[in-house]
Amino acid sequence: MGAQLGLVNSSEPAPTLAAFTKIMKQQKTPRHISTLGKYFFRRYSQASLPLKVSLPFVLLFAGCWIAGTLALGEYFAFTLERRQTLQARELVALVERELEKEREDLRLKARLLSTKLEISTELRSVLGSGAVNIPQLRQLILPLQSILDVDVISVVAPTRQTLLETKKAVLRDHSLQLGTVRDLVLTGSDLSTLVSTMDEGPPVLIGTAPIKTNLEIVGGITVGMKLGDELLEDINAVIGEHLVIVSHDHGDGSGEMVASTFDEESADLSWLQTLTDEAEIHTAQHPDFTVQGIHLESIDGQHYHLVLLLSNQPLRQATLTLWGVVLGIMLLGSLVTALVALKIARKIAQPIQVMTQVAQQVTQDKNFDLRVTADRKDEIGLLADALNQLIVWVSDYTHALEESAQTLEHKVEARTQDLSRTIEELKHTQSQLIQTEKMSSLGQMVAGIAHEINNPISFIQGNLFPLRDYFQDLLDLLKTYQAEYPQPTKAVLEKQDDIELDFMIEDSAKLLKSMKIGTQRVSDIVVSLRNYSRLDEAAIKDVDIHAGLDSTLLILNHRIKNGVDIIKAYGDLPQVRCSPSQLNQVFTNIITNALDAMFDAESDPMQLVLTTRVASSDQVQICIRDTGPGMPSEVKAKMFDPFFTTKAVGKGTGLGMGICFKIIEQHQGQIEVESEVGKGSEFIITLPVELSKSNMA
């Protein structure tokens, strides 16, 4: 490395990092970090005005441009990688469907063979005479094997004896572990599964079916297809990507590749054999492939993994092309920005440089007769006029400044006092702001404490029942004493009169009943507040509309109890998917307006009718009708317009019904109003049972 950099002779040892750092400290050049910063700052301060004007903007814009371009490149690169992974998952799902289809086909083929009368006749002879004509059975099976295109057909007798097993060349050197399969098929099971070979060869997909005559099982038949290179090649022809089957039941935890669509010399796949479980396969990283796996387990407990290897070459090529375009755009944008900024800066700085030269001559030569040519109508022209006027003023006020020095000193002192007072006022304002923030925090704390009321109320409510039982037990004990000792002593009689025992017993029962009613009332209020606000629930969920209406009525009970009759005509509604807190706001606004209208008009009677019904198979309706004065047509036409209100100034903002309309619209519903002067008003809300998430976004 030293010879390549030209710092030392190739025969000498390269300097260490410490020696190199020491050399850099000894050389007083701009390469030192702190000296480098001072060096560039000095050069920038000595640079021309166009460079000073353009450089910050060029650096800022170029930095933002480069950062944005790189971020965009990273985003598209990530999108390409994610698309590659999704494609691999889709192909794995396709392979799973192909395997499932193959297994189902094998099961149907086995069932088809089991229905052959000739085969069942031959097997029935085993139960009768104990012998079977094997050549005759082979003549029946072999033509069917070619027609069904399977690699193996096995016929088993009721005695678990394999009567006939025909294999194609691909399976002649392999012995299948069919012991468990024979047991299952002779019990009447027809299944499609995977079996392993005794010589650790590729697994075999099989389908089985029992052979029955007159509801009697006379044997079983198994057909199979080797899950080897040929079958993988067929699947490869469909998906266009390579597949590998790895066995993972070795004692040392390593795997063995038993089938593949690769040529043996074309790729090194030894790294696949080191993956010992499904988690490692799903998280495997390889520079040439995106890896996805399917776990396969044979009926005899052998574990395999079918691994899909999606080539990363198209992804790498697309990524290189993407970054080439991104870097080209980044460099081109930075270059264009620098050129344009420099040209604009020169155009702006030229007249400023002229004015600077005139100002320097005025200050150096004290020649107040010099002027700047002001032939422009823009800000530069205004600056030239201002400079000329400034020269005139400087000429006029040079002598006046000397005379007003003492006056200026007094003004500065007065201004200092004003600033001191201003600082004090600012401190006072700051303390007020801090106090306001404290009050706001206190309000939040009080709101939190209100939520905690539920805990002690629940404690009291829960203890009232055992307290009542204890009190009743004491009364029973007292009655028992009175029955067992009908003649109490004088001291006992005096104590009964002193504590007024009969009144205490009667009043204690009333006290317990009052405490139960009171705690239940507080508990209902807390539950209604929680149901009304819905702060601890999801924004969108399936809710009971009736619960929201009842919670709203309970919140407004302080107004409803002033002579208003509530009539509920609730139908049998399904759960409605919505934002419960928003719907509660709609119910509150409508019911509040109805109450205001009836109270202001002193309606007689004052009734509020709440009706719910199923409008259609996927819609429900909520109707809120009052006995108020009603609305004329011109008011009804503007009912849902923002800031429209019929209330007096200070009593309404005109936003309530507009908010209701917007909330119902977001819920893909409709809100209508039917009103007639002197006969009240009715609001009809139609909501869908299921809510589309996209419309609520």
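Modeller: Buried means under 20% relative accessible area, exposed means over 50%, and partly exposed lies in between (1.4 Å probe, protein chains only). Helices (H or I, at least four residues) and strands (E, at least two) are DSSP runs, numbered from the N terminus. The model is predicted: local features need pLDDT of at least 70 and side-chain atom pairs pLDDT 80 or more, while totals for chains, interfaces and linings use all residues. Residues are numbered from 1 along each chain as its sequence is written, and side-chain values use heavy atoms, without hydrogens and water.

Colleague: What makes strand E8 mostly covered?

Modeller: The count does. In E8 (residues 289-297), 7 of the 9 residues are buried.

Colleague: Why are E8 and E9 called paired strands?

Modeller: Two strands pair if DSSP finds at least two bridges between them. E8 and E9 (residues 303-311) are joined by 9 bridges, so they pair. The two strands run antiparallel. Gly293 stands opposite Val307 in E9.

Colleague: What lies between E8 and E9 in the hairpin?

Modeller: There are 5 residues between the two strands.

Colleague: Which residues other than glycine have a positive phi?

Modeller: Asp149 is one of them, with phi near 55°. Glu602 is another, at about 50°. Most residues other than glycine have a negative phi, and most peptide bonds are trans.

Colleague: Where is Asp149, and why does it count as partly exposed?

Modeller: Asp149 sits in the loop between helix H6 (134-148) and strand E1 (152-156). Its relative accessibility is 45%. That value falls between 20% and 50%, so Asp149 is partly exposed.

Colleague: Why is Glu602 called exposed?

Modeller: Glu602 has a relative accessible area of 67%. The cut-off is over 50%, so Glu602 is exposed. Glu602 belongs to the loop between H18 and E13. Pro605 is found in the loop between helix H18 (580-601) and strand E13 (607-616). A cis peptide bond joins Asp604 and Pro605, with omega about 5°.

Colleague: What makes the contact of Arg559 and Asp596 a salt bridge?

Modeller: A salt bridge is a side-chain nitrogen of Lys or Arg within 4 Å of a carboxyl oxygen of Asp or Glu. Arg559 and Asp596 are at 2.5 Å, N to O, so the pair qualifies. Arg559 is in helix H17 (residues 557-560) and Asp596 is in helix H18, so the bridge ties together parts 37 residues apart in sequence. Asp596 is buried at 16%, whereas Arg559 is partly exposed at 21%.

Colleague: How many salt bridges does the rule give?

Modeller: The count is 13. Glu100 and Arg103 form one of them, at 3.9 Å, N to O. They lie 3 residues apart in helix H4 (residues 49-114), which means about one helical turn separates them. Glu100 is partly exposed at 41%, and Arg103 is partly exposed at 26%.

Colleague: What is the N to O distance between Glu665 and Lys662?

Modeller: That distance is 3.6 Å. The limit is 4 Å, so the pair is a salt bridge. Both residues lie in helix H20 (residues 656-666), 3 residues apart, about one turn. Elsewhere, salt bridges that share partners join Glu104, Arg107, Arg111 and Asp190 into one network.

Colleague: Which residues gather in the patch of negative charge?

Modeller: Asp229, Glu230, Glu233, Asp234 and Asp263. Glu230 lies in helix H8 (residues 229-239). Its relative accessible area is 44%. That value is over the 30% needed, so Glu230 passes the area test.

Colleague: Which residues form the nonpolar patch?

Modeller: Leu332, Val336, Val340, Ile344 and Ile348, with about 430 Å² of accessible area together. Accessible areas come from the Shrake-Rupley method with a 1.4 Å probe; for residues, only the protein chains shown count as cover. Val340 lies in helix H10 (residues 313-365). At 44% relative accessible area, Val340 is partly exposed.

Conventions. Patches are made of residues with over 30% relative accessible area and no salt bridge: like charges are joined within 9 Å, nonpolar side chains (Val, Leu, Ile, Met, Phe, Trp, Tyr) within 5 Å. Lys and Arg count as positive and Asp and Glu as negative; His and the chain ends are not counted. The place of a charge is taken as NZ of Lys, CZ of Arg, CG of Asp or CD of Glu.
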